[in-house]
Amino acid sequence: MLDEGIKNSEAEDFLLKPDKMEEACGVFGIYGQGKDVARLTYYALYALQHRGQQSAGIAVSAGAEIKVHKKRGLVSEVFTEQILADLTGHLAIGHVQYSAKGSNLAVNSQPLVCHYLKGNLAVAHNGNLINAQALKEKLAVNGSVFQSTIDAELIANLLALYGQGTLEEALMKTMIDLKGSYALVIMTEDKLIGVRDPYGNRPLCLGKLDNSYLLASESCAFDVLGAELIRDVAPGEIVVIDQEGLHSHRFVSPVERALCVFEFIYFARPDSNIDGINVMEARRAMGRELAQESPVDVDIVIPVPDSGIAGALGYAEALNLYFDMGLMKNRYIGRTFIRSEQNERNLAVRLKLNPVTKLVQGKKVAIVDDSIVRGTTSKKIVQMLRNRGAAEVHLLITAPPVIAPCYYGIDTSERGQLIAAQKSIEETRVYIGADSLTYLSLAGLSRALRQEAGFCEACLSEEYPLGIPSPERLGKHLTEVSSQQRREVR
Ligand code: SF4
């Protein structure tokens with residue numbers, strides 16, 4: 001029997017929790033006189049849906065007030081024709097959110113809209129502030145009260161606190177206070193603003209559609225709208241778009257860029273370009289580098305769909321190996337499918353991913369994925385391939401092991417759930433049941449990206465370029481990894 005003996009909890013784990021790091025948010029903004037900005041934002045959020053599936057929202061200004069609609073759910077579930085028709089204006093920002101554990105309250109949906117001394121303000125944030133607790137205390141002393149647990153509310157409160165002068169001056173003072181990771185789109189009744197933290201940890205790019213300027217987490221949102229990517233917002237830059245056009249400001253001292261390397265490993269869409277690097281090309285290059293570092297003698301290279309496809313292509317082409325889609329993924333599995341009967345649990349797992357028996361039977365198989373977080377999915381896949389008659393199963397990961405949590409807005413799982421933080425590579429191989437397990441090295445990753453510096457790799461190296469949060473916010477992440485485990489993964 002295939003997948004015999006699978007437990008209910010394992011089936012649920014496999015079906016409902018992707019064995020991946022989870023992105024936190026996607027942001028979008030448009031200043032588009034004469035355009036249906038709500039509808040354009042809606043389409044852009046569709047393109048950014050992979051960055052967050054828990055909630056979606058759009059705020060629109062027609063000059064006098066800001067209207068907002070936001071709710072938990074996918075973009076397609078949150079907006080209707082009527083809602084979009086009611087969101088009239090020439091200026092809009094949008095947000096899709098992945099809520100980390102414990103923060104999935106409706107009140108945490110973005111954009112956050114508030115009123116301050118100078119009028120209305122809408123804020124959408126991607127990232128994570130590491131000094132949120134200290135900021136909250138500072139604001140509380142000044143009389144602020146909070147309705148949510150999101151950093152966007154702290155940022156809006158700081159802008160209000162410093163709001164006596166111009167908005168640009170308030171932003172400058174706010175940026176001095178903020179520590180951590182942030183890509184922001186902010187809207188007043190008549191201005192659209194984009195801000196990227198001084199390290200450029202999260203992506204933010206600038207585009208143009210006819211005479212309208214756009215901001216987005218990823219350039220794939222521009223492609224969908226037929227807009228042109230002009231450039232990335234530079235680390236530490238503030239871009240302000242109003243009826244006079246685009247203005248750029250830099251108030252903070254430059255620091256070395258620390259763009260999240262996981263955007264290239266997993267988060268971003270392959271058709272996006274970030275800071276001049278095409279994501280698809282980068283992933284393919286990671287596969288080629290892994291082939292140089294660790295060639296294996298196999299009959300077929302197959303990817304874990306969809307995250308392993310580009311890396312598997314790169315690996316196979318570098319070694320002139322046969323590549324095929326040996327695993328089929330069902331994209332329509334939902335929460336309602338879980339059943340308690342053993343045979344239905346087995347069936348559920350096979351429904352999500354099913355090997356093509358003819359391609360793997362009797363073959364030495366290399367299965368390629370971009371990363372392993374908990375190892376549960378990899379274990380199931382190896383088991384399935386063996387059950388379908390694969391003679392050997394070699395697991396190839398086109399990134400280094402994830403050994404440490406992310407504090408910059410990505411839900412990594414707790415350190416205790418990161419298999420590479422708990423087990424050696426050999427112990428992980430045994431747990432997964434593969435004939436071999438190989439990761440790309442950190443040096444190989446740099447070669448694939450053609451840039452040795454300028455990336456945050458903290459979850460792979462435990463070197464945190466933006467610092468780590470105050471102990472109050474660290475909470476669950478404080479479990480220590482042994483020094484032996486740290487040595488092994490370097
Ligand atoms: S720790 Fe990892 S996931 Fe987090 S920002 Fe750095 S590279 Fe990205």
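1. The axes of helix H5 (residues 132-141) and helix H6 (residues 151-161) come within 10 Å and cross at roughly 40°, where axes are lines fitted to C-alpha atoms, for helices over the stretch in contact, and angles run from 0 to 180 degrees between N-to-C directions. H5 and H6 are therefore oblique to each other (under 35 degrees counts as roughly parallel, over 145 as roughly antiparallel, 65 to 115 as roughly perpendicular and the rest as oblique). Helices (H or I, at least four residues) and strands (E, at least two) are DSSP runs, numbered from the N terminus.

2. From H5, the contact is made by Ala-132, Leu-135, Lys-136 and Leu-139, and from H6 by Asp-151, Leu-154, Asn-157 and Leu-161, contact meaning that C-beta atoms, placed from the backbone, lie within 7 Å.

3. This is a predicted model, in which local features need pLDDT of at least 70 and side-chain atom pairs count only at pLDDT 80 or more, while totals for chains, interfaces and linings use all residues. Residues are numbered from 1 along each chain as its sequence is written.

4. Two cis peptide bonds deserve a look in the model. One joins Gln-110 and Pro-111, with omega about 5°, and Pro-111 lies in the loop between strand S4 (91-97) and strand S5 (112-116). Another joins Pro-305 and Asp-306, with omega about -5°; Asp-306 belongs to the loop between strand S17 (300-303) and helix H11 (309-319).

5. Positive phi values also occur in residues other than glycine: Arg-450 has phi near 60°, and Glu-462 has phi near 65°. Arg-450 sits in the loop between helix H17 (442-449) and strand S23 (455-456) and is exposed, with 11 other C-beta atoms within 10 Å. Glu-462, in the loop between helix H18 (458-461) and helix H19 (471-474), counts as partly exposed, with 15 C-beta neighbours inside 10 Å. On this scale a residue is buried if 20 or more other C-beta atoms lie within 10 Å of its own, exposed if 12 or fewer, and partly exposed in between.

6. An open sheet of four strands runs in the order S17-S20-S21-S22 with parallel pairing, two strands being paired if DSSP finds at least two bridges between them. Its edge strands, S17 and strand S22 (436-439), each pair on one side only. S17 and strand S20 (residues 364-369) pair over four bridges in the parallel sense, and Pro-303 stands opposite Val-368 in S20.

Terms used: Contact = placed C-beta atoms within 7 Å.
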